[in-house]
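Dear colleague,

I am passing on to you the structure that I have been going through, and below it you will find notes on what turned up.

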Amino acid sequence: MPKSRKRKATVPAPPPPRRRPRPRMEYRARSDEAWYGARVVVQQGLLRVMFENSTEDADEWYDPGADFASPGDVDALRARFRQECLPLDHAHCGDLRPGDKLCLAYYIHGEVEELKYYDAVLETVERAAHGVEGCACRFTVRWTEGPRSGCLDKVGIKVVCCVPESPIQDPVLSEFLDDLTKKFGEDQGTATTASQQAAPTPISDSEEELCRVLLSLKRAPKSPTGKS
Ligand SMILES: [Zn+2]
């Protein structure tokens with residue numbers, strides 16, 4: 001498991017997270033499904049994913065001979081990579097639109113406190129006058145990943161990063177994935193393979209409602225408006 005930022009949970013109110021560091025490439029880890037800065041190399045035919053700020057025991061490996069049963073598995077790995085997400089610029093909060101994909105910093109409270117990054121979708125923006133500290137707007141988001149997947153939260157700009165739309169362009173990764181895709185193409189003469197890319201689990205209305213109730217309890221009296 002990649003190393004996240006950890007510290008003892010002795011301070012009740014954590015300070016706002018630092019702005020997201022700027023990796024060139026991000027990878028969604030198998031171990032916790034959170035996003036990390038990473039780079040890749042191919043070693044003895046295996047793809048090795050190395051996390052920024054982590055030791056090599058956190059590395060994740062992919063074996064072309066063992067980890068890919070179908071072209072869907074190749075697509076699923078491809079989807080684990082993307083370009084770096086940049087922090088939302090204070091001057092550009094007005095550019096966001098409902099439905100925009102965001103990546104947000106999220107504190108996981110426990111014995112040690114960890115800061116991880118998960119994706120969410122923007123629902124609404126509550127505009128506020130920008131003061132000396134910059135953007136004071138509040139962003140209502142629906143998490144699509146992580147411990148609060150499916151739930152709504154209101155967050156400030158400090159935790160918001162924008163997910164780039166353009167696909168990742170890393171020559172090492174591209175070659176590894178393209179070779180795999182080619183291999184499946186060649187194998188297809190004799191066998192029919194079905195794509196088995198995992199679809200996100202739909203969230204039922206009742207679960208969604210529960211999330212909202214829990215959230216409003218947690219945030220009372222400043223309860224979020226929820227989805228209108
Ligand atoms: Zn703003």
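This is a predicted model: local features need pLDDT of at least 70, side-chain atom pairs count only at pLDDT 80 or more; totals for chains, interfaces and linings use all residues.

The strands E3 and E4 pair in the antiparallel sense, over six bridges, and in their hairpin, which has two residues between the strands, glutamine 44 takes a positive phi near 50°. E3 also pairs with strand E2 (residues 25-28), again in the antiparallel sense, here over three bridges, and tyrosine 27 stands opposite tyrosine 36 in E3. The hairpin of E2 and E3 has six residues between the strands, and in this hairpin glutamate 33 takes a positive phi near 60°.

As for the chain in general, it has three helices and twelve strands, and 23% of its 228 residues count as buried. Among the contacts between residues at least 6 apart in sequence, 61% join residues that are at least 24 apart.

The helix I looked at in detail is H2. Its 17 residues should span 24 Å at 1.5 Å a residue, and this agrees with its end C-alpha atoms, which are 24 Å apart. The buried residues of H2 are Leu173, Phe176 and Leu180, and because they cover an arc of only 75° around the axis, they are on the same side of H2. In general, an α-helix has 3.6 residues a turn, so residues three or four places apart point the same way. The face of H2 turned away from this buried side carries the exposed residues Pro171, Glu175, Asp178, Lys182, Gly185 and Glu186, while what covers the buried residues includes E3, E4, H1 and strand E6 (81-83).

Phenylalanine 176, which has its place in helix H2, is buried, with 22 other C-beta atoms within 10 Å, where 20 or more are needed to count as buried. Not counting residues up to four places away in sequence, phenylalanine 176 touches Val42 and Leu47. Phenylalanine 176 and valine 41 are 135 residues apart in sequence, and their C-alpha atoms are 9.4 Å apart in space.

The largest nonpolar core has 38 residues, of which Tyr36, Leu102, Cys103, Leu104, Tyr117, Tyr118 and Val160 touch the most other members. Among the elements that give two or more residues to this core are strand E3 (35-43), strand E4 (46-51), strand E8 (101-108), strand E9 (112-126) and helix H2 (171-187), and the largest share, five residues, comes from E8. Domain 1 (19-84 + 166-194) and domain 2 (87-163 + 198-228) both give residues to this core, so it lies between them. Leaving aside its neighbours within four places in sequence, tyrosine 118 is in contact with Ala34, Leu104, Tyr106, Trp143, Glu145 and Gly146.

Apart from neighbours within four places in sequence, valine 125 is in contact with Cys93, Leu96, Cys137 and Phe139. Of these, phenylalanine 139 is 14 residues from valine 125 in sequence and 4.7 Å from it in space, C-alpha to C-alpha.

With best regards

Technical notes. Residues are numbered from 1 along each chain as its sequence is written. A nonpolar core is a set of buried Ala, Val, Leu, Ile, Met, Phe, Trp, Tyr and Cys residues joined through C-beta atoms within 7 Å. A residue is buried if 20 or more other C-beta atoms lie within 10 Å of its own, exposed if 12 or fewer, and partly exposed in between; C-beta atoms are placed from the backbone. Helices (H or I, at least four residues) and strands (E, at least two) are DSSP runs, numbered from the N terminus. Domain bounds come from an automatic or database domain assignment. Two residues are in contact if their C-beta atoms, placed from the backbone, lie within 7 Å. The expected span of a helix is 1.5 Å times one less than its number of residues. The arc is that of the directions from the helix axis to the C-beta atoms. Two strands pair if DSSP finds at least two bridges between them.
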